[in-house]
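Hi everyone, thanks for coming. Let me put the structure up on the screen, and then we can walk through it together.

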Amino acid sequence: MAADPDCLFCRIVAGTLPSTKVHEDDIVVAFRDIAPRAPTHILVIPRDHIASAADLTDADGPLLGRLFAATARIARDEGIADAGYRLVSNVGPWGGQTVDHLHLHLMGGRAFEWPPG
């Protein structure tokens, strides 16, 4: 898939918008959220533009494996893996998605409540 020139996250991947990246490889980019909801709040995204989890297919299995593996590695590097962390993928406006580019919120550094909200 190509990048969407109007997508905020595609512009971060392209380097035309600044971000504080914590991970970058050929498939996945991760950067600190500019409005963190936890002491550690990192967004983990695919380089390719996929609007949301609702647009994933069986063919995206390898991509999801890379997203989750990168997220686990980042959690270890950030020192939040042992105590635990939360992963969230919002889908659509009612799900709280504000940027139409698939992303995982990696949040940790504090205890979380359930249900989330």
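Let's start with the sheet: 5 strands form an open sheet, in the order β1-β2-β3-β5-β4, and the pairing is antiparallel. Strands here are DSSP runs of E with at least two residues, helices are runs of H or I with at least four, and both are numbered from the N terminus. Two strands pair if DSSP finds at least two bridges between them. This is a predicted model, where local features need pLDDT of at least 70 and side-chain atom pairs count only at pLDDT 80 or more, while totals for chains, interfaces and linings use all residues. Residues are numbered from 1 along each chain as its sequence is written, and side-chain values use heavy atoms, with hydrogens and water left out.

Now look at β2. A hairpin of 3 residues joins β1 to β2, and these two strands pair in the antiparallel sense over 3 bridges. Across from V29 in β2 stands E24, and H23 stands opposite A30. On to β3: 5 bridges join β2 to β3, again antiparallel, and V28 has P46 in β3 as its bridge partner. β2 is mostly covered, with 4 of its 5 residues buried; buried means under 20% relative accessible area, exposed over 50%, and partly exposed in between, with a 1.4 Å probe and protein chains only.

How many aromatic pairs does a search of the whole structure find? It finds 1. The rings of F9 and F31 have centres 5.4 Å apart and planes at 75°, so this pair is edge-to-face. Rings of Phe, Tyr and Trp (its six-membered ring) pair if their centres lie within 6.5 Å; planes under 30 degrees apart are stacked, over 60 edge-to-face, and the rest tilted. F9 is in helix α1 and F31 in strand β2, so the pair ties together parts 22 residues apart in sequence. F9 counts as buried because its relative accessibility is 4%, and F31 does too, at 3%.

Finally, the largest pocket. It is lined by 28 residues, with D33, R37, H41, L43 and H105 nearest its centre. On a 1 Å grid over the protein atoms alone, a pocket is an open set of points where a 1.4 Å probe fits, with protein on both sides within 12 Å along at least five of seven lines; lining residues have an atom within 4 Å of a point. Helix α1 gives the most to this lining, with 3 residues.
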